[in-house]
Amino acid sequence: VAIEAALAERERTLFNCTSTVFLYDLTSTYFEGQALRNPKAKRGYSRDHRPDCKQVVVGLVINGEGFPLAHEIFDGNLQDRNSLKSMLDRLHERVPLEPGQTVVVDRGMAYDENLAEIRSRHLHYLVAARHPERNRWLAEFEGEGFEEVIRTPSPRNPLQKKPKVEVKLERRGEETYVLCRGAGRVEKDRAIRRKQEQRLLADLDKLARRVDTGGLVKEEKIGEAIGRLKERYPRVARYYRMAYDGEPRAVHYERDAEKYQRAEQLDGTYLLRTDRTDLGAEEAWRLYILLTRVEDAFRDMKSPLRERPIFHHLQHRVETHIFLCVLAYHLLVAVENTL
């Protein structure tokens, strides 16, 4: 705590950092070996695509200039939505929170209880709405009134071509909603869904064969297996009806055509929501896009700064290893800002 607090104050002075925006996201990092002596090492959703390995979840808060302010190491099976309160407490210990500051988080934390937690600290929020909420805005996404965001290429890459992004502002009650359409996201969204869908259908076929051959008999266990598939593939499971029929003992599943068609219509779109009323559509979009700096931080820490894989087994050694990677990232950001 003392080291991160001192670094935050020193970097604020040296680089004239602002303290109005906090960007928070999480990642996971996996272990080689069983990590039996680390109680935080557990299996969970792996951002490294290593579900076969135990892991810990790492939360990181950075400021608008990209400097880390606070990090926390959570149990490997922690859900994103359950980390926010603890992370805000840790952040307050390093950088005292003041009314009017804005917390930017991704859709994994866009739950009512988390937004209420942010408001209870007299802070503002800017989040990406979850998919079920976005689905209610289909008519507005297909309507008029969108404005294109002017995106200039990077000074280091003048030939860069940035995908087209359009935004539209809607105010509902005390909240501001920003509808975003990105030309470059349409194929990406469809490719992700198709990939997840293929995996879901393959696992459903396996489950159906196990039930058909008598490898899985108890109805309770079959229901649990279906539930696990819904948890494993939440992005596409919502578009399928899955059920077990006791007579003639078979697992049935079929695509919900209406929901699937709605998903295809919304490909390339996302919805932002905030309790700030002073932001325009483009301002809110540019503020949310700053979250990519946290993703960049995780990539830098994992690869060039050698956070992963982790070979330590004791909890305090794992946490020290990750802390050293965070310190190295402080130095990297300082070098980048200096140059």
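Helices (H or I, at least four residues) and strands (E, at least two) are DSSP runs, numbered from the N terminus. The model is predicted, so local features need pLDDT of at least 70 and side-chain atom pairs count only at pLDDT 80 or more, while totals for chains, interfaces and linings use all residues. Residues are numbered from 1 along each chain as its sequence is written, and side-chain values use heavy atoms, with hydrogens and water left out.

**View 1. Helix H12 and its cover.** H12 has 24 residues and spans 35 Å from its first C-alpha to its last, close to the 34 Å expected at 1.5 Å a residue; the expected span is 1.5 Å times one less than the number of residues. Buried residues of H12 include Val318, Ile322, Cys325, Tyr329 and Val333 (buried means under 20% relative accessible area, exposed over 50%, partly exposed in between, with a 1.4 Å probe and protein chains only). Among the elements that cover the buried residues of H12 are H1, E1 and H11, where contact means heavy atoms within 4.5 Å.

**View 2. A nonpolar surface patch.** Leu331, Val335 and Leu339 make a nonpolar surface patch of about 350 Å². Patches are made of residues with over 30% relative accessible area and no salt bridge, like charges being joined within 9 Å and nonpolar side chains (Val, Leu, Ile, Met, Phe, Trp, Tyr) within 5 Å. A salt bridge is a side-chain nitrogen of Lys or Arg within 4 Å of a carboxyl oxygen of Asp or Glu. Accessible areas come from the Shrake-Rupley method with a 1.4 Å probe; for residues, only the protein chains shown count as cover. Val335 lies in H12 (residues 315-338) and is partly exposed, at 40% relative accessible area.

View 3. In the loop between H11 (292-302) and H12 is Pro309, joined to Arg308 by a cis peptide bond with omega of about -10°. Asn16, in the loop between H1 (2-15) and E1 (21-30), has a positive phi near 55° without being a glycine. His122, in the loop between H3 (112-120) and E5 (124-128), is likewise not a glycine and has a positive phi of about 60°.

**View 4. Nonpolar cores.** The largest nonpolar core has 32 residues, and Val104, Val167, Leu272 and Tyr288 have the most contacts inside it. A nonpolar core is a set of buried Ala, Val, Leu, Ile, Met, Phe, Trp, Tyr and Cys residues joined through side-chain atoms within 4.5 Å.
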